[in-house]
Amino acid sequence: CTCELWNERMLVQEQERRVAQNIQVQQHLLQRNLQPREVQVLRGRVHEALEQEQEEGECEHQERDRVDGNFGVCRRCNWDCSWYGFQCSDCLDVFCQTCHHHRMPRRYY
């Protein structure tokens, strides 16, 4: 594809945005700064998730946990997740409440 959306530079920028978002989420949950090794591991998980997304499409995982705090925008609809969001335990993407509850696969208990 030659459109700007799949420009390699934009894919790298998206990866860096997700890494920064996930560092913020993890630091908030742990109540401390991440160590360089933890950041490296997180960067690797995000990179793997992006590769999987390119092969399979958007996140369809069913395990998402609520995370409180300002974590940017919903990966699916770009809604501002200023107070909380739901983070996928597999690909680490953050989603708003509406997408989590109504637009995505649900986990069954």
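**Close-up views of the predicted model**

**Figure 1. Overall fold of the protein chain.** Along the sequence, the elements of the protein chain run in the order α-α-β-β-β-α. The model shown here and in the following views is predicted. The protein chain has three helices and three strands. Its length is 109 residues, and buried residues account for 32% of them. Of the contacts between residues at least 6 apart in sequence, 48% link residues at least 24 apart. The protein chain exposes about 7,300 Å², and 50% of this area comes from carbon and sulfur atoms.

**Figure 2. Pairing of strands β1 and β2.** Strand β1 spans residues 64-68 and pairs with β2 in the antiparallel sense. Five bridges connect β1 and β2. Asp68 lies opposite Tyr84, a residue of β2. Strand β2 itself covers residues 84-88 and is mostly covered, with four of its five residues buried.

Figure 3. Strand β3 consists of residues 94-95. The pairing of β2 with β3 is antiparallel and has two bridges. Across this pairing, Gln87 faces Val94 of β3. Five residues lie between the two strands of the hairpin. In this hairpin Leu92 has a positive phi near 70 degrees.

Figure 4. A search of the whole structure for disulfides returns zero. Cys77 takes part in no disulfide, and the nearest cysteine sulfur, that of Cys96, is 3.7 Å away. A disulfide requires the two sulfur atoms to be within 2.5 Å. Is Cys77 buried, partly exposed or exposed? Cys77 has a relative accessible area of 33% and is partly exposed.

**Figure 5. Surroundings of Cys99.** Which cysteine sulfur is closest to that of Cys99? The closest one belongs to Cys96, at 3.7 Å.

Note on methods. Residues are numbered from 1 along each chain as its sequence is written. This is a predicted model: local features need pLDDT of at least 70, side-chain atom pairs count only at pLDDT 80 or more; totals for chains, interfaces and linings use all residues. Side-chain values use heavy atoms; hydrogens and water are left out. Buried means under 20% relative accessible area, exposed over 50%, partly exposed in between (1.4 Å probe, protein chains only). Contact means heavy atoms within 4.5 Å. Accessible areas come from the Shrake-Rupley method with a 1.4 Å probe; for residues, only the protein chains shown count as cover. Two strands pair if DSSP finds at least two bridges between them.
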